[in-house]
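Me: I am new to protein structures and would like to learn how to read one. Could you walk me through some features, one at a time?

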Amino acid sequence: MRHKKVVPPESIICLDIEASGLGSRSYPIEIAWKRFDETSFDCFLINPETGYNWNDWDESAAQVHGIAYQDLLNQGIDVRVACTRLNSQLAGCTVYSDAFEFDYFWMRRLFDAAMVKPKFQLDGIESLLSIEQLDKYQRASKESSREHRAMSDVDDLLLGLKSCLL
């Protein structure tokens, strides 16, 4: 039997990661997070040239998220800066994702590339929701038409969680 975590809504932080593709050599290209009460948030692109051997660019994934490779080179930040930024903003927190397995993989790729350890935990939203709430969330999620950018996905995730938790 699965047990739901009892977490006050104001302490919930949601995160989403867009990636270069879905393969085992894919890497994170955009990260966004936002608090449940929307009082703090961040979103940034990552320069793939600063990652270790990050060259697996999937054009079909690029069509889904709409992020041009050149934009990553021009506007993306260094992997070390990304990790420092996340650690300073999220230290000691648990951050929730609706695609835990994927986001955990890409978070590990980021922190491994920077040779830094995360100072926060990543968990799936299923740990916050009862089976009934998770079912409600998944039904609502299928009906939403997302613009697949990290902050848009975080906003949709928060909207879904608020409909289940409040």
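Me: Which residues does Asp 103 touch, leaving out those up to four places away in sequence?

Reply: Since this is a predicted model, we are reading contacts from predicted positions. Asp 103 touches Leu 15, Asp 16, Ile 17, Ser 97 and Leu 122 once residues up to four places away in sequence are set aside. Asp 103 itself is found in helix H4, residues 100–114.

Me: Is Asp 103 buried or exposed?

Reply: Here you compare a percentage with a cut-off: buried means under 20% relative accessible area. Asp 103 has a value of 1%, so it is buried.

Me: Let us move on to charges. How many salt bridges are there?

Reply: The general idea first: side chains of opposite charge can pair when their charged atoms come close. In this model the count comes to six salt bridges. One of them joins Arg 149 to Glu 30, with the closest N and O atoms 2.8 Å apart. Arg 149 lies in the loop between helix H5 (131–143) and helix H6 (150–165), while Glu 30 is in strand E2 (residues 28–35), so this pair ties together parts that are 119 residues apart in sequence.

Me: And how accessible are the two partners, Arg 149 and Glu 30?

Reply: Arg 149 is partly exposed, at a relative accessible area of 25%. Glu 30 counts as buried, with 3% relative accessibility.

Me: Which residue forms a salt bridge with Lys 34?

Reply: That partner is Asp 155, and the closest N and O atoms of the pair are 2.6 Å apart. Because Asp 155 lies in helix H6 and Lys 34 in strand E2, the pair ties together parts 121 residues apart in sequence. Asp 155 is partly exposed, at 32% relative accessible area, whereas Lys 34 is buried, at 11%. Lys 34 also has an aromatic neighbour: it lies over the face of Phe 41, at 5.6 Å from the ring centre.

Me: What about Lys 162, which residue does it form a salt bridge with?

Reply: Lys 162 pairs with Glu 38, and their closest N and O atoms are 3.0 Å apart. This pair links distant parts of the chain, with Lys 162 in helix H6 and Glu 38 in the loop between E2 and strand E3 (41–45), 124 residues apart. Lys 162 is partly exposed, with a relative accessible area of 23%, and Glu 38 is partly exposed too, at 41%. The charged end of Lys 162 also sits over the ring of Phe 36, 5.4 Å from its centre.

Me: Now for the rings. How many aromatic pairs does a search of the whole structure find?

Reply: The search finds five aromatic pairs. To read one, look at the angle between the ring planes: under 30 degrees counts as stacked and over 60 as edge-to-face. The rings of Tyr 27 and Trp 54 have planes at 10 degrees and centres 5.1 Å apart, so they are stacked. Tyr 27 is in the loop between strand E1 (13–19) and E2, and Trp 54 is in the loop between E3 and helix H1 (59–65), 27 residues apart. Tyr 27 counts as buried at 0% relative accessibility, and Trp 54 is buried at 6%.

Me: Are the rings of Trp 57 and Tyr 69 stacked or edge-to-face?

Reply: Their planes stand at 70 degrees and their centres are 5.2 Å apart, so the pair is edge-to-face. Trp 57 lies in the loop between E3 and H1 and Tyr 69 in helix H2 (residues 69–75), so the pair ties together parts twelve residues apart in sequence. Tyr 69 is partly exposed, with a relative accessible area of 28%.

How values were computed: Residues numbered from 1 in each chain as written. Predicted model: local features only at pLDDT ≥ 70, side-chain atom pairs only at ≥ 80, totals over all residues. Heavy atoms only, no water. Salt bridge = Lys/Arg side-chain N within 4 Å of Asp/Glu carboxyl O. Helix = DSSP H or I, 4+ residues; strand = E, 2+ residues; numbered from the N terminus. Buried < 20%, exposed > 50% of the residue type's maximum accessible area, 1.4 Å probe, protein only. Contact = heavy atoms within 4.5 Å. Phe/Tyr/Trp six-rings, centres within 6.5 Å; stacked < 30°, edge-to-face > 60°. Lys NZ or Arg CZ within 6 Å of the ring centre and 35° of its normal.
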